[in-house]
Every structure is written in C-alpha cells, then in structure tokens.
Amino acid sequence: MYTPQVAEHIANPRNVGELENPSGTGDVTNQVCMDRIRLTVRVEGDRLSEARVKASGCPPTIAAASVLTELIVGRALNELDAMTKQDVANALGRLPAAKQHCASLAIEALRAALTDARRCRPGV
Amino acid sequence: MRVYLDNSATTAVLPEVIEAMLPCFNEVYGNAQSVHGFGQRAKAMVERARREVASLVNAAPGEIVFVGGGTEADNLAIRGIAAAYGARHIVTTKIEHPAVLATCQALEEAGAKVTYLPVQADGIVNLDDVRAAITDETVLISVMYANNETGAIQPIEAIAAIVRERRERGQKHLHLHTDAVQSVGKIPVDVKRLGVDLLSLSAHKIHGPKGVGALCIKKGVHLTKQMTGGHHERDRRAGTENVAGIVGLGRAAELARLHLGERAARMRELRDYFEQQVIARIAQVRVNGDRERRVPNVSNLSFAGVDGESLLIALDLQGIAVSTGSACASGSLEPSHVLTAMGLTREQVRGSLRVSLSALTSREEIDVALAALEETVARLREMRPDEEAAGIQSSLSRSQ
C-alpha cells in the first residue's frame, strides 16, 4: 500500500523534535482528519539552516513531515517558496490518491513557518 | 521474527488440513455428483466432511450446506429467507460484518424495512431493544455470535427465547440467523443450545482453506436458494462441490472440535497475559468492549494520542501483523462502525488496534509483539506535537 520510502520514514523519522528559539514555527492541523504537523525552522541569511518536526496522524502525514525536513534544510527561502506538495509526494515515491492531503499538510506547515520567520525578520 | 496477530482476518492452514486436502487434487478428483466410482469416492469425502462440520456445531449432517465462505453463507441466509417469506422486515445490529450489513442494505434498497439495533458501551446488544424492534412483519433477525473487531459475544440464546415466544404467539415466519464465523473454534457452538435457525461459519478462520464455508440450516427451515443451476447440496446451493475445500473445512472442523478446550485455554491465557502486560507497560490504554463476554483470542485496545494505522504500519515494518479500526481516506476519517456504535470517541477509535491470536500463537510471539508495541507507541507519542504548543503559533487549515 505504501512505498518503501514512506515505510522508511515511518521506521526512522528524521529531525524529530522542536528547535529552541526558532526563527519560525508552522503548526497546522487538517480540520477534517485532525492530522497535525508542527515544524520549527532556523533561518540564517536567506537560507533555512535547521528544521525540527513533530507530527501526529496517519502514516503518510508522519512520512511527509519527516521527508519535508530533508527537503528544506540548506535551501534558499525563495526556492522553498516555490515548493509544492508534489515535491513532497515525489520524495516519498508515490502517495495513494486518498492520501495526497498529507503532502499538502507538510507544505502548509512549511509556508506557515516561513511566514512566521518573515514576520519576525521583515525583508527576508 | 515474523509475528502474525491478525487471526480474526484469517489463519494459517494446518499441515493436517493440507494433508487431508491433497488427494482431492489428483487422486480423488471425480465430480461428487457423478455416479461412477471416481465421483462416489469424492462424494464420500464430502459427506465425511459434512459429518465433521455438523458435529462441531451439534447439527445433523443434512442441515449443513457447503458454500463459498462466510460471506456467501450470510447472503444465502438473509436473501434466502427474504425471498422465501417476503423481504418485509429484518432486524440486525449496527456491529455486523459487512457481509450482513451490506446485504441488509441491498434488501433495504429493494424495498425491505431493516432495523439496525444499537449496542451498549460493552459492545453487546440489549435484549429490550431486540424485543422492541420485532414487528408482526419481521421475518428474520440476524445477530452475529461474536463480533469480529472486539470479540464481544452476543446473547444469542436469549434472543432465540424471544423468537420462540413470538412464534408461539403465531409469528411462524420469524427466523433467527447468527454469523458465527468468529466464534466457531473459539468457544463451544451448539445450534441446538443456541436455538438458531441459521448459522454461518467459515473454514479459513479455523485453520482451514479460504473460499469455503457452510450455512447450517435447521431441519424444516425453508429458504430460497440464491445460486441457481444444478440440484447440489439438497437443492440449496448449485455448483460443483469444492471437494478439496470442503475436505479441508471438514478436517479443520474435526481438529477444532477435538482441541477446542485446550486451544481456547491457551489463547485466553496468552491474550490475557498480553493485555495485562500492555496495561502495565504502556500508559493511557483502554480495552474496548466487555472483557468477560468475548471470545478468548481477541484484544481490542485504544492507545491515546496514537494513530492506529501509523501504529499498524510501524509494527508491520518490524514483521508484526495486527489490525486497526482507524482508517483515513481523502482527509476524512472512516472509522470502525463497531467502535463508533459502542460510543468510543473519535480519538479512541483512531488509536484502536486489534490483536487476534490463533491456536498457533506462541508466548514468544506475544513477547516480541509487546516489546515492539511498547517501543512504537512511545516513539509515535514522542513525535506527537504537544497539545499546549498548538496555541503558540497556529495556522489551522483545511487542506486537501
């Protein structure tokens, strides 16, 4: 049902936790299924230097949260602005049609964290 | 080590059963309807199996009709009675297997009235609700013997007493069916003591092959056959007998009868040990359903703050097979209808896990599962965002 990539992230989720004094936090919940991703990021210059994530919900949500941290660390903020749920889904190999919303939730967490970071540091 | 704890879904076929079936493929391969020796030898094997299945549930061999599994047995019982007596009113419960629920819903769409009885928090149907639901138009009551998710045993004998009262008062066409797929081989099942007219059972839940089952039809009960063709199975189920499958069911039934007591005691001891250890080692766990009135091989648990499917997948990655009542599709939860009917909260249903043992389950398997469960629940809870953190920065969204 799930790809080896999804399974691998479930078995060994990456960057689990929460940064102290993060540049930005994105805490998003899918109001239908109540899956939740809480992403904290550190921004240095115009790059995202560090990320930690916590997640609860169905397997692809946990996998999407985990893979997201791998996709975003070290990237320029303007590159991150262009990321879509498809990037997350692709990194996981494939998500069942009924589970695409898990990739959306990860992207929403990223957007919210970046918005929060920019609110604190206007002009980034 | 691979650990299989999903025996309510299906079981491994025992070597003795496979051995009994093998000659049916290339030695005794005649059509059981044929007059010649090849056919008669096959027929003799089918009839021996019939006696074994009858013996397991204390029925007469002539009361056993072999079918293609539990789902077909339920369909034949419900549709067969509805067709014979008019699909006027059927009483069933909200916690039935889809084989019964979807069949009743199909009849409802075709014009029948169906009452779906609720269950109490313990997962058991209330007798007053049964009594109140029966009308003069009721032709069938279908209540499962043991529930497939919680193992909860329903008061079939008491329902049969209610049915008898109504019959004595003139409601001759009222019948009682029970889906005993999850109770046969786990607890004593005696059609006479239960007082049912129709009882469904399946081979693959008792270490037999898939694709074969039986409907026990009490002598004198008439129903309309649903599979038309030849006059097989005393004209109640057309189609060449699945001799190998039937022989496998017969042998599995024989073993289930001979070893029922020791198997049940062993499964109960391991199941109770499992539950006691889970409760001792993992915080915030609840056992779903009545802990006494249930089959000895099922444990249905809810782990607070954990998604059942994530738990299932994480355990599967460690070679441990279990089941969950939690399912999320397209961002909408489609939780277990059984746990929902019992009044569990959304979160409790979401965190539910079913562990089901068989006669083959070992203590070692249980210990491996316990260690993995403890570690995995802790890991998933560790990963869960704090409740109180939600307010710090929150962008609540409705995503698709």
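Which residue in S10(B) is the bridge partner of Val287(B)? I looked it up, and the partner turns out to be Leu301(B). A reminder to myself before going on: this is a predicted model.

**Entry 1**

S9(B) and S10(B) run antiparallel to each other and are joined over 3 bridges. They belong to an open, antiparallel sheet of 3 strands in chain B, ordered S9-S10-S14. S9 and S14 (352–356) are its edge strands, and each of them pairs on one side only. From one strand to the next, the twist averages 30°. I also found a helix here: H10(B) packs on this sheet and touches S9, S10 and S14 of chain B. The direction of H10(B) makes about 10° with that of S10(B).

Next I followed chain B into the loop between S9 (285–287) and S10 (298–303), where I picked out Arg294(B). Is Arg294(B) buried or exposed? Buried takes 20 or more C-beta neighbours within 10 Å, and Arg294(B) has 26 inside that distance, so it counts as buried. I then checked what it touches. Leaving out neighbours within four places in sequence, Arg294(B) is in contact with Thr150(B), Gly151(B), Ala152(B), Ile153(B) and Gly289(B). Ile153(B) is 141 residues away along the chain, yet its C-alpha atom is 4.9 Å from that of Arg294(B).

**Entry 1: the seven-stranded sheet**

On to the other sheet in chain B. I wrote down its order as S2-S8-S7-S6-S5-S3-S4, 7 strands in an open sheet with mixed pairing. S2 (64–67) and S4 (113–117) of chain B are at the edges with a single partner strand each, so each has one side without a neighbour in the sheet. Ignoring direction, neighbouring strands here are turned by 20° against each other on average.

I zoomed in on S5 (138–142) and S6 (175–179) of chain B, which pair in the parallel sense over 3 bridges. Leu140(B) stands opposite His175(B) of S6(B). Helix H5 (98–109) of chain B packs on this sheet, touching S3 (89–93), S4, S5 and S6 of chain B, and its direction makes about 150° with that of S3(B). Further along the strand pair, Ser142(B) stands opposite His177(B) in S6(B).

How many residues of S6(B) are buried? I counted 5 of its 5. Side chains in a regular strand alternate between the two faces of the sheet. On one side of S6(B) I found His175(B), His177(B) and Asp179(B), on the other Leu176(B) and Thr178(B), and all are buried.

**Entry 2: nonpolar cores**

The largest nonpolar core has 88 residues, and Ala214(B), Leu215(B) and Cys216(B) touch the most other members. Helix H10 (243–281) of chain B gives this core its largest share, 9 residues. Among the residues that Ala214(B) touches are Ile64(B), Val65(B), Phe66(B), Val67(B) and Leu249(B). Another core, of 61 residues, lies apart from it and includes Ala63(A), Leu80(A), Leu95(A) and Leu311(B).

**Entry 3: two helices in chain A**

Last stop: H1 (4–11) and H2 (59–72) of chain A, which pack at about 80° with axes 8 Å apart. That makes H1(A) roughly perpendicular to H2(A). H1(A) brings Val6(A), His9(A) and Ile10(A) to the contact, while residues from H2(A) include Pro59(A), Ile62(A) and Ser66(A). I sorted the contact by class and got 7 nonpolar, 2 polar and no charged residues.

Definitions and conventions
Residues numbered from 1 in each chain as written. Chains lettered and ligands numbered in written order. Predicted model: local features only at pLDDT ≥ 70, side-chain atom pairs only at ≥ 80, totals over all residues. Pairing = 2+ DSSP bridges. Helix = DSSP H or I, 4+ residues; strand = E, 2+ residues; numbered from the N terminus. Axes fitted to C-alpha atoms, helices over the stretch in contact; angles between N-to-C directions. Contact = placed C-beta atoms within 7 Å. Parallel < 35°, antiparallel > 145°, perpendicular 65-115°, else oblique. Nonpolar A, V, L, I, M, F, W, Y, C, P; charged D, E, K, R; others polar. Core = buried A, V, L, I, M, F, W, Y, C linked by C-beta atoms within 7 Å. Buried ≥ 20, exposed ≤ 12 C-beta atoms within 10 Å, placed from the backbone.
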